[in-house]
Amino acid sequence: MCNNEDFTENKNQLLWEKTAGFSDRNTRLDKFWGTVLEEEGISRGKVKDWIKAGFAEINGKVCKKPNQKLMGNEELTLKGEAEITSLVPEDLPLEIIFNDGKIAVINKPAGLTTHPAPSCPTGTLVHRMIHHFPEIKDMDEWRPGIVHRLDKFTSGLISIALNEHDRLAMSTAFAEREVSKSYLAIVHGVPERNFGEIEAPMGRHPVHKTKMAVVLKGGRDARSEYETLWSDPEERASLVKVKIFTGRTHQIRVHMAHIGHPLLGDQVYGSMEHARLVKDEPLLAELATRQMLHAYSLSFAHPESGEELSFTQAPPDDFIGMLKALNKSVQRVGLIGMPCGGKSAALKILAAKGIPTFSADDSVAHSYEKDGPGWELLRQRFGNRFIDSETGTVDKPKLFNAMRDNADLRREVMGIIHPIVQHDVLEFYKAHNDEPLAVAEVPLLLEGGWHTQKIVDAVVGVRCPESKRNEELREKRGISPEILAVFDSWQWDEKSKLDCCTAIIENDEDLKKIDSETDRILEVLRTQREEKESLFENYLKKLFHPDTV
């Protein structure tokens with residue numbers, strides 16, 4: 001859509017006025033206007049026809065050559081014929097927030113163009129307005145009652161005047177920056193600061209004329225302030241509140257992109273970030289069908305009474321749905337217990353129930369294979385001391401004996417291996433981010449401080465009677481009492497472990513009992529997830545509807 005200073009209308013005739021910049025040097029006249037008017041839905045072929053018909057001027061002189069090269073710094077005008085003929089009221093819904101017969105405030109849905117243009121002659125907000133407010137039809141040929149506008153895909157509050165006197169007064173208030181406007185936006189990543197001010201002049205993009213940009217020269221002053229309200233657990237996106245002090249075209253979209261945090265769904269000013277979202281988070285990308293921008297609050301003095309009016313409007317369902325989807329990450333569950341306590345049996349039962357599972361023992365075993373990350377790091381530190389000469393893999397019995405005999409070496413080896421396991425666990429959780437939950441069996445999870453680092457959301461412990469663990473289960477694993485005692489000495493005692501758990505599986509009978517216990521635990525974890533979602537919904541309700549909480 002053209003800016004008011006670039007575009008005027010008179011009955012069925014259109015007139016555009018632009019100044020060519022230095023970057024337009026050697027650009028064909030038809031290409032220049034074709035680029036400028038692309039957003040209006042006007043083809044380059046139509047532009048050529050208008051130029052050939054003598055509707056184009058360069059520095060006040062008619063030019064009929066579409067291929068005329070520009071020198072830069074020329075004053076350009078182009079006339080055309082409007083394809084829109086008259087405004088026909090459209091009996092479609094309009095959410096009216098306020099109406100006192102003088103002015104009205106409307107909650108514009110995303111996807112609705114504010115006023116007619118050659119690219120959108122029908123189906124606009126104005127067409128609905130003249131149905132609901134027939135008295136405004138004679139105010140202006142194409143934009144009756146309009147004092148400011150929102151982009152087509154921006155939702156939220158927009159004010160209109162119901163008579164010409166109040167329209168002029170409100171237009172003056174907007175021009176003199178006496179109106180307070182704030183927006184909610186969901187942006188990529190997490191801004192470095194919770195509060196920030198952006199003062200960066202804006203103008204047409206030097207290359208892509210349909211885009212706006214922060215420009216070093218020739219731009220108009222533009223100022224925004226933002227506050228980060230929330231960031232998702234994975235730090236993929238943030239909810240920000242943006243207050244604008246100037247009303248430049250696409251100001252919030254350009255300013256947030258300028259500081260490295262374009263809006264989700266904005267394929268114009270955040271094309272690279274959107275492409276990454278499509279690749280890495282396809283389910284989220286499907287929800288980002290528009291730029292996530294909502295006109296949240298609007299405050300101004302009534303043009304006649306002078307009364308200060310303030311309005312807020314909660315975002316629509318697609319905006320809130322995106323926030324909920326961002327908050328709904330996989331529930332990261334850690335499974336712990338004493339050696340030979342039944343962790344592996346519980347993990348297998350969970351896997352049989354369709355729960356994604358991970359075994360730290362399997363991760364270590366894979367890491368110890370030839371050319372594995374653990375194998376490589378151990379060789380860098382100890383040479384071939386712990387490498388089996390026949391298989392070329394890590395000699396696990398030899399490494400275990402050395403760790404048993406030397407506490408310093410044990411701590412050093414654990415310092416090498418534990419980060420590898422932690423990396424594998426994080427990748428496991430990431431790979432299953434769209435699942436309700438995923439379970440990782442990590443024997444030394446608590447000892448490694450993972451629960452305090454918030455690597456897991458819940459810890460499930462397996463409790464097993466000492467007699468069963470030291471006899472039946474130990475013998476099944478083929479481990480001697482001495483070896484089991486060594487493993488025990490490297491870990492917290494059972495009580496200390498279980499005291500840190502969200503829930504506990506009782507392994508005091510047979511596998512059937514463990515199966516039953518896992519069902520009970522899954523119900524506990526489901527309740528925890530529901531509580532998390534409920535807390536977030538209450539947070540959003542308090543944020544968007546503060547007067548109802």
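I looked up Cys340 to begin with and found it buried, its relative accessible area being 5% (buried means under 20% relative accessible area, exposed over 50%, partly exposed in between, with a 1.4 Å probe and protein chains only). This is a predicted model, in which local features need pLDDT of at least 70 and side-chain atom pairs count only at pLDDT 80 or more, while totals for chains, interfaces and linings use all residues. Residues are numbered from 1 along each chain as its sequence is written, and side-chain values use heavy atoms, with hydrogens and water left out.

**Confidence.** I noted an average pLDDT of 91 for the protein, with 95% of the residues scoring at least 70; pLDDT is the predictor's confidence in each residue, from 0 to 100. Over residues 1-11 the pLDDT stays under 50, and for this stretch I find 33 contacts beyond four places in sequence (contact means heavy atoms within 4.5 Å).

**Cysteines.** Returning to Cys340, I placed it in the loop between strand S17 (331-337) and helix H9 (343-352), where helices (H or I, at least four residues) and strands (E, at least two) are DSSP runs numbered from the N terminus. Its phi is near 60°, a positive value in a residue other than glycine. I then searched for disulfides, meaning pairs of cysteine sulfur atoms within 2.5 Å, and the count came to zero.

**The S4–S5 loop.** I next turned to Glu74, which lies in the loop between strand S4 (61-62) and strand S5 (75-81). Glu74 is buried yet has no salt bridge, and the nearest side chain of opposite charge, Arg25, is 7.7 Å away. For this I took Lys and Arg as positive and Asp and Glu as negative, with His and the chain ends not counted, and a salt bridge as a side-chain nitrogen of Lys or Arg within 4 Å of a carboxyl oxygen of Asp or Glu. What I did find is a polar atom of the Glu74 side chain 2.5 Å from the backbone nitrogen of Met71. Leaving aside residues up to four places away in sequence, I list Lys18, Thr19, Ala20, Ile58 and Asn59 as touching Glu74.

Asn73 is also in the loop between S4 and S5, and its phi is near 75°, a positive value in a residue other than glycine. Asn73 counts as exposed, at 60% relative accessibility, whereas Glu74 is buried.

Key:
Polar contact = N/O pair within 3.5 Å; in protein donor to acceptor, adjacent residues only side chain to side chain.
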